[in-house]
Amino acid sequence: MVDPNETVCYCAGVARASIVDAIADGAKTLTDIQQMTGAGIGSRCKELNPKGACCHSDIRAILQVESGPQDEPSCGCSCGCGEPGSTC
Ligand code: FES
């Protein structure tokens with residue numbers, strides 16, 4: 001079972017529930033999530049996120065579950081994680 005309190009963005013301390021709430025409130029893209037929650041725009045991902053990367057792929061996964069496939073390019077963080085499709 002998915003824990004709604006699970007942290008998704010460690011840079012901003014944003015939990016899964018906040019992202020799901022943003023989607024329920026109309027967020028349709030990663031950019032919407034970034035603007036509505038503050039997630040996905042940090043710069044300390046490698047240091048703070050136990051995965052050692054930014055949270056974009058995790059946010060996209062939540063968007064996909066809640067809203068269907070996404071094809072928006074990834075950008076916004078400055079961690080230089082090199083996520084596939086990232087334009088950071
Ligand atoms: S973990 Fe989300 S922007 Fe760094």
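Which residues in α1 meet which residues in α4? That was my opening question, and I come back to it below.

**Entry 1: getting my bearings**

I note first that this is a predicted model. I looked up the elements and found four helices and two strands. Reading from the N terminus, I get the order β-β-α-α-α-α. The protein has 88 residues, and 33% of them count as buried. I also checked how far along the chain the contacts reach: of those between residues at least 6 apart in sequence, 50% join residues at least 24 apart.

**Entry 2: the opening question**

On the α1 side I find Arg16, Ile19, Val20 and Ile23, and they meet Ile59, Ile62, Leu63, Glu66 and Ser67 in α4. A reminder to myself: two packed helices are described by the angle between their axes and the distance between the axes. For α1 and α4 the angle is about 45 degrees, and the axes are 10 Å apart. The two helices are therefore oblique to each other. I noted the crossing of α1 past α4 as right-handed.

I then picked out Ile23, which is found in helix α1. Is Ile23 buried or exposed? Ile23 counts as buried, because 20 other C-beta atoms lie within 10 Å and the cut-off for buried is 20 or more. Leaving out residues up to four places away in sequence, Ile23 touches Leu63, Glu66 and Ser67. Ile23 and Glu66 are 43 residues apart along the chain, yet 7.4 Å separates their C-alpha atoms.

**Entry 3: α1 against α2**

Next I turned to the pair α1 and α2. Here the angle is about 110 degrees, with the axes 10 Å apart. These two helices are therefore roughly perpendicular to each other. Their contact is made by Ser18, Ile19 and Ala22 of α1 and by Asp32, Ile33, Met36 and Thr37 of α2. This crossing is right-handed. I see Ile19 listed here, and I had also met Ile19 in the contact with α4.

**Entry 4: the buried faces**

Which residues of α1 are buried? I wrote down Ser18, Ile19, Ala22 and Ile23. Looking down the axis of α1, I find these buried residues within an arc of 140 degrees, so they line one face of the helix.

For α2 my list of buried residues is Leu30, Ile33, Gln34 and Thr37. Seen down its axis, they fall within an arc of 100 degrees, so they too line one face of their helix. Among what covers them are β2, α1 and α4.

I also looked at what follows each of these helices. After α1 comes Gly26, with a positive phi near 120 degrees. Just after α2 comes Gly38, and its phi is positive as well, at about 85 degrees.

**Entry 5: the nonpolar core**

How many residues does the largest nonpolar core have? I found 17, and those with the most contacts inside it are Val8, Cys9, Ile19, Ile33, Ala39, Cys55 and Ile59. At least two residues of this core come from each of β1 (7–9), α1 (16–24), α2 (30–37) and α4 (56–67).

Setting aside neighbours within four places in sequence, Ala39 is in contact with Val8, Cys9, Ala12, Val14, Ile19, Ile33, Gln34, Cys55 and Ile59.

**Entry 6: two more residues**

From Ala39 I went to Ala15, 24 residues away in sequence and 8.9 Å away in space, C-alpha to C-alpha. Ala15 lies in strand β2 (residues 14–15). Apart from neighbours within four places in sequence, Ala15 is in contact with Pro4, Asn5, Glu6, Thr7 and Val8.

My last stop was Cys54, placed in the loop between α3 (45–48) and α4. With 32 C-beta neighbours inside 10 Å, Cys54 counts as buried. Cys54 and Gly40 are 14 residues apart in sequence and 7.0 Å apart in space, taken C-alpha to C-alpha.

Key
Residues numbered from 1 in each chain as written. Predicted model: local features only at pLDDT ≥ 70, side-chain atom pairs only at ≥ 80, totals over all residues. Buried ≥ 20, exposed ≤ 12 C-beta atoms within 10 Å, placed from the backbone. Contact = placed C-beta atoms within 7 Å. Core = buried A, V, L, I, M, F, W, Y, C linked by C-beta atoms within 7 Å. Arc of directions from axis to C-beta. Axes fitted to C-alpha atoms, helices over the stretch in contact; angles between N-to-C directions. Parallel < 35°, antiparallel > 145°, perpendicular 65-115°, else oblique. Left-handed = near helix turned anticlockwise from the far one by under 90°.
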